[in-house]
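Work through these exercises with the model open beside you. Try each task before you read its solution.

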Amino acid sequence: MTLALLALPFALVAQAPATISGIIRDARENPIAGANVFVVGTLDGALTDSSGRFTVGTPRQARYHVAVRLLGFRDFDLTIADSALRPLTIVLRTDAQSLTAVAIQASRYVAGDEPGAVLTPLDVVTTPGTAADVNRAIQTLPGVQQVDEGTGLFVRGGDFTETRVYLNDGLLLTPAQVQSPAGTFVGTLDPFLLDAIYFTSGGFPAQYGNALSAVALLNTLGRPAQSSGTFSAGLAAFGANVALAGPLGTGLRFVADRNDLRPVLRLNGSPRQFAVAPRGADRTISLHWNYRPTAKLTLVATEQLGRLRALNETPSVTDTFTVAGRERAAVLSWRDVFGRLSPHVALSSSAIRRTESFGSFDLSSPSRLDQAACAIDVALTDWMTLRAGGEASRLASRIDGSIPSEGSDQRSGARVRLYEVDRSTPSRAAFVELETRPTDDSRLAVGLRRDWSNGVATYDPRVSASSQLRSFGTLTAAFGAYHQAVDPLLQALSDSGQIELPSMRATQVIVGAQWGESTPMLRVEVYDKRYSDLAQQTRDFLTVAAGAGRAHGVDVIARPPPIAGVTTRVVYSFVHSERTDPNSGAMARAAFDVPHSLTAVATRQVLRWITAAVSVRYASGRPFTPVVGATRAPQQPTWTPIYGAPYSERLPAFARVDLSASWFRVVASGVQTVAYVAVTNVLDRRNVYTRLYTADYTSRYDVRSIFNRALYFGGVLTLGGK
Amino acid sequence: MNVHTIRRRAMALALVLVGRTALHAQSNPTPSAKAADSIRVAIEAGVDAGDLTAIEAAAALAERALAAYPDDAMLLHYRAYALYRAGTLVFGRDGSGKARPYFDRARDILEPLSKRPTIPETYGLLASVYGMQIASAKVSMLAGMRLGPKSNATLDRAVAAGPNNPRVWVMRGIGAFNTPSTFGGGLDKAESYLKKALDLAATDAPEPPLPAWGRADAHIWLGRVYAKQKHREEARAEFEKARELQPRNFWITQVLLPSLDRQP
């Protein structure tokens, strides 16, 4: 106060100082202690006492700019005339940066460092059984069904091709596969390159389209602040990760890994016979230029190679199944902020070359997607943001090879259909979305997306809302329509030949609630999805259009309070999914209708430097259509099966327990090591990959998953900072 | 003259008078520099007395000054420093849960600041904040894996920016004291870093508003090193030297010296 008096202009010294006083409360009318109340432009101020009261003396002025600041609450500013001075009652609103309805959005889950994240970046690499694979980590989030042990993302009763994956907002290809309907077993982006994963299992905003079920946004690490190097070696993989901080805001990251399952199979054995065990390599480089504090210019290029050869059986033939693939992607993204405008541009190219052969099945299906996308955020007011943008893309694909005419006869030399198809599919899209905060504790986003594909326009309205209720929690809701163009491979296999199949359509309605923020926390969501115009593949490798479907279910994630130092997360998903069976035309269970999926992960720090974790996974068995008999015409070498009711039986339930332990040690300043050991499928449960029949279909037998009990170990050496 | 200009001028005048003690030491200090120095003095007084309210008041004072000079590096540094000091006091009294927001906020301020030209102490402070975030994390090992390399790198940056800055060496010594030798720290390293800090402090004469602490801290932590090594008399000598510099220091008089007397 004395100091403030000294500051007075001489002309004002004669006047008595002004006194600004009052009380500060929160929205629930509780007094707030420790808030910093002051007159802007002076150092005059005070901290509120335990009853929320304050008194500030300041030189008399015509008007006073009173500011209130407190961590966790929104800034409060008030200009008051000297003649109007009176005791103030100020209500502080919760800060938008804290976890409120703004951060909690329907079906949106974050793996990163930000508030409200359900997984940390370390969880992605340390969850037992995920093998440091990004897709497998996403599979532990609510809404993802554990259909089998592949890396496909089957979300809320949908096929894995209904989930789109973006790298720095550049779209990656998720092509349909004829012989591996659950997706590949290994090989997505190196998780150590990722800064955060934003996974939305439904109700995603208008910015994202051409997906019926879900989107996963993978954001890579930014420019390294310090140069560093990381070298890792394990039983089946080794790699290096180098980060270089350059001058003038530049930087570089480079990651290279090689993996080969042979040592693991040699040590632990395998229920499968591999001529070439799964192996591959990946390399990724990212270049960064932050040419001013708000600007980020990033180029990420990645290449992944993989192949395997394994003995495979069907009733008609036993042969070596060979698959080899190369996936490449490059994304150039730019983001900046100019006052209230925040533009963003992403140019991406994603290419996949895959060859598969087995019996008379011999297919090469290279495809390439080039896309340009741009968006701009305009902060209209402090509580309203307009987002608009567009994208243009071209999907070039080639289908080359032979596919058996009948799924029941895949012998070499069997009757086949030959394909030599080149397709080029241009598409465009535009979207607009208005995001508002009608009250301090609520959020409403309304958007519309228009897609042009094959000369046909589709319109997708999207609405998402959330509201934080007093002493209850946060309620969320979302509604939207979603379209997805038919995959070129399925298009090529359709009876309609060159006639373009219409885009598939889905509508989603989601309602949810969350109690708590990080730990303890409980989040529950229920949803209903309706499908139309579905294009699906028959067992004879033909595409049938105009399918319908429905899925509904409930997803739960809980983080109970730690007990005896053990932190836990439990994720449970229930789904009932049914679709038109493409073989019979009848409505039946979907091929990936897995009613119950449960994942529980417990982590505990042992001593000071060891972290131990256990994960338990359970999932209902995948449905299949049983064979109830078989016929064989004279002169025919193979039997033709007679199928029962579509998807009327299930494989045995899937269950797995995995353990891991990691030991961290700093060797010297800037040098640290991590050693880890993992045991997968500790109980050596015989999970079933598929069920097969003998050649005459009189008896059937199970094909076991390749993931039996296995020991894995390795280490990581890091030099320098992050 | 618009309202904003009037406010800036009034603020400047206020800060000139507030920072009058600094006027004697600096020929032409800016108003924000004078405010920063006043805040520095307020923080040190609060730390000296172990008075959380005084430190929080100093942090609030920095916030008020930042309302007028939002990008001033020294004001940002001292706001973060006050939060760090408050956090460490809360950590000792109420545990990690209540201390965590102080360190989170300090880090939010320091990380952008460390990307601009700044004083070596800012890097050292950021490294210390990382250290306290590790100590106060729910699973400190996981936090250590994430923040440990950052802390080390930032401390290295501090040493590179201020190789002859005694406060940097004090912070390095504290880091080594709190880190087991198997993790790259240890008492021997702490002792050598703190002795180097004392050597440098003998000729250290920073001008306001630059940080001027360090000498008493080096004696305190060197005393703690000796106490841990069971060299009670050497420890007492260091604590006494610290008390000569800061006779009212709560930690020295009420905690460290009495604990030495209770040592078997």
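Helix 9 of chain B and helix 10 of chain B are roughly antiparallel to each other. Keep in mind that this is a predicted model. The first exercise shows how to reach that result.

**Exercise 1. Two helices of chain B**

Task: Find the angle between helix 9 and helix 10 of chain B, and say why they count as roughly antiparallel.

Solution: 
- Step 1. Locate the helices: helix 9 of chain B covers residues 166-178, and helix 10 of chain B covers residues 187-201.
- Step 2. Read the geometry. They pack at about 165°, with axes 8 Å apart.
- Step 3. Apply the cut-off. Angles over 145 degrees count as roughly antiparallel, so helix 9 and helix 10 of chain B belong in that class.
- Step 4. Helix 9 of chain B passes helix 10 of chain B in a left-handed crossing.
- Step 5. Look at the contact. Helix 9 of chain B contributes residues including W169(B), V170(B) and F177(B), and these face a set in helix 10 of chain B that includes Y193(B), L194(B) and L200(B).
- Step 6. Sort the contact residues by class: twelve are nonpolar, one is polar and three are charged.

**Exercise 2. An open sheet in chain A**

Solution: 
- Step 1. Five strands of chain A form this open sheet, with mixed pairing.
- Step 2. Strand 8 (108-111) and strand 12 (170-171) of chain A each have a single partner strand, so one side of each has no neighbour in the sheet. These are the edge strands.
- Step 3. Strand 8 of chain A pairs with strand 13 (residues 194-200) of chain A in the antiparallel sense, over four bridges.
- Step 4. Find a bridge: R108(A) has T200(A) as its partner in strand 13 of chain A.

**Exercise 3. Paired strands**

Task: How many bridges join strand 25 of chain A to strand 24 of chain A, and how many join strand 25 to strand 26 of chain A?

Solution: 
- Step 1. Strand 24 (residues 384-404) and strand 25 (residues 416-436) of chain A pair over 21 bridges, in the antiparallel sense. R394(A) has P426(A) as its bridge partner.
- Step 2. Strand 25 and strand 26 (residues 442-453) of chain A pair over ten bridges, again antiparallel. Here R428(A) stands opposite W452(A).

**Exercise 4. Backbone exceptions**

Task: Is N681(A) buried or exposed, and what is its phi?

Solution: 
- Step 1. Most residues other than glycine have a negative phi.
- Step 2. N681(A) is not a glycine, yet its phi is positive, about 50°.
- Step 3. N681(A) sits in the loop between strand 41 (671-680) and strand 42 (688-693) of chain A.
- Step 4. Buried means under 20% relative accessible area. N681(A) has 0%, so N681(A) counts as buried.

Methods:
Residues are numbered from 1 along each chain as its sequence is written. Chains are lettered from A and ligands numbered from 1 in the order in which they are written. This is a predicted model: local features need pLDDT of at least 70, side-chain atom pairs count only at pLDDT 80 or more; totals for chains, interfaces and linings use all residues. Side-chain values use heavy atoms; hydrogens and water are left out. Axes are lines fitted to C-alpha atoms, for helices over the stretch in contact, and angles run from 0 to 180 degrees between N-to-C directions. Angles under 35 degrees count as roughly parallel, over 145 as roughly antiparallel, 65 to 115 as roughly perpendicular and the rest as oblique. A crossing is left-handed if the near helix is turned anticlockwise from the far one by less than a right angle, and right-handed if clockwise. Contact means heavy atoms within 4.5 Å. Ala, Val, Leu, Ile, Met, Phe, Trp, Tyr, Cys and Pro count as nonpolar, Asp, Glu, Lys and Arg as charged, and the others, Gly among them, as polar. Two strands pair if DSSP finds at least two bridges between them. Buried means under 20% relative accessible area, exposed over 50%, partly exposed in between (1.4 Å probe, protein chains only).
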